[in-house]
Amino acid sequence: LDELAADSESQALFDAIDKAGNGFRTVRDDLVKRRKAGEALPPDAIAGSLRPAADAYAAAVEQLADFQRQRVAEARQAAERSEQQGITLLAAGSVAGLLLSLVCAWLLSRSILRPLAYAATVTDRIAEGDLTSSVPALQAGNRDELQALLARLSGMQSRLAALVVGMRQASTSVAGASSEIAAGNTDLSARTEQTASNLEEIAA
């Protein structure tokens, strides 16, 4: 009972029950004592004194019971509200988690697909003979496989560009040598013809 009287309103109801119970017991004990003493009780002794005290006692107990039922109903409503709030929070958390997962998946796919698409573009340009694509260099300590792939493409492009430059320089050198050889041949042919002409004049 002490646990039920945790608040002032409950304590007031318990005090009212104690008061009504004491009043009922006082009237009852008085009637019992008078009866044991041999006193003849009037016909309305019970209806006039004991019954009102008993009714007051029962009313006080019923008032406490009503108050406790009200508290139970309020506690049940609070529990239902808490349950609804928990379900709402759970649903909101699930939706937020799903959205976060979708965003993370989108970012992850973007971080993978964009470098792959760029690598494919660079490869296509190299295949078409364009060796001027800009490829970011691999940073030290970076373990990103896609960045490493792009760095290897950059290295391959640089080596191909150097090879093309070397081939152009070699072609230029060959063309120059060919021109010098052609000029030498022309000069030699002219000298040969001059010598032959001189010999013909001597022979004549």
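Helices (H or I, at least four residues) and strands (E, at least two) are DSSP runs, numbered from the N terminus. With that in hand, start the tour.

**Before you click**

This is a predicted model, so local features need pLDDT of at least 70, side-chain atom pairs count only at pLDDT 80 or more, and totals for chains, interfaces and linings use all residues. Residues are numbered from 1 along each chain as its sequence is written, and side-chain values use heavy atoms, with hydrogens and water left out.

**Stop 1: the whole chain**

Show the chain as a cartoon. Three helices and zero strands make up its secondary structure. Reading from the N terminus, the order is α-α-α. Select residues 8-36 for helix H1. Residues 45-127 give helix H2, and residues 145-203 give helix H3.

Now look at the extent. The C-alpha trace spans about 195 × 25 × 20 Å along its principal axes. The radius of gyration (taken over C-alpha atoms) is 57 Å, whereas a compact globule of 204 residues would have one near 17 Å. That globule rule is 2.2 Å times the number of residues to the power 0.38.

**Stop 2: colour by confidence**

Colour by pLDDT, the predictor's confidence in each residue, from 0 to 100. The chain averages 81, and 92% of the residues score at least 70. Helix H2 has the highest confidence, with a mean of 87. Helix H3 has the lowest, at 80.

**Stop 3: surface and contacts**

Accessible areas here come from the Shrake-Rupley method with a 1.4 Å probe; for residues, only the protein chains shown count as cover. The chain's accessible surface comes to about 15,400 Å², and carbon and sulfur atoms account for 60% of it.

Next, contacts (heavy atoms within 4.5 Å). Among those between residues at least 6 apart in sequence, 61% join residues at least 24 apart.

**Stop 4: the nonpolar patch**

Select Leu 108, Ile 112, Leu 113, Leu 116 and Leu 149. Together they form a nonpolar surface patch with about 430 Å² of accessible area. Patches are made of residues with over 30% relative accessible area and no salt bridge; like charges are joined within 9 Å, nonpolar side chains (Val, Leu, Ile, Met, Phe, Trp, Tyr) within 5 Å. H2 gives the most to this patch, with four residues. Zoom in on Leu 113, which lies in helix H2. Leu 113 is exposed, at 53% relative accessible area.

**Stop 5**

Side chains of opposite charge can pair when their charged atoms come close. The structure holds four salt bridges (a side-chain nitrogen of Lys or Arg within 4 Å of a carboxyl oxygen of Asp or Glu).

Pick Arg 28 and Asp 29. Their side chains meet at 3.3 Å, N to O. Arg 28 is partly exposed at 33%, and Asp 29 is partly exposed at 39%.

Then pick Asp 30 and Arg 34. This salt bridge is 3.8 Å, N to O. The two residues sit four apart in helix H1, so about one helical turn separates them. Arg 34 is partly exposed at 25%, as is Asp 30 at 38%.

**Stop 6: the network**

Select Glu 62, Asp 66 and Arg 69. Salt bridges link these residues in a network. Which N to O distance joins Asp 66 and Arg 69? The closest N and O atoms of Asp 66 and Arg 69 are 2.1 Å apart. Both residues lie in helix H2, three residues apart, about one turn of the helix. Asp 66 is partly exposed at 38%, and Arg 69 is partly exposed at 48%.

Conventions
Buried means under 20% relative accessible area, exposed over 50%, partly exposed in between (1.4 Å probe, protein chains only).
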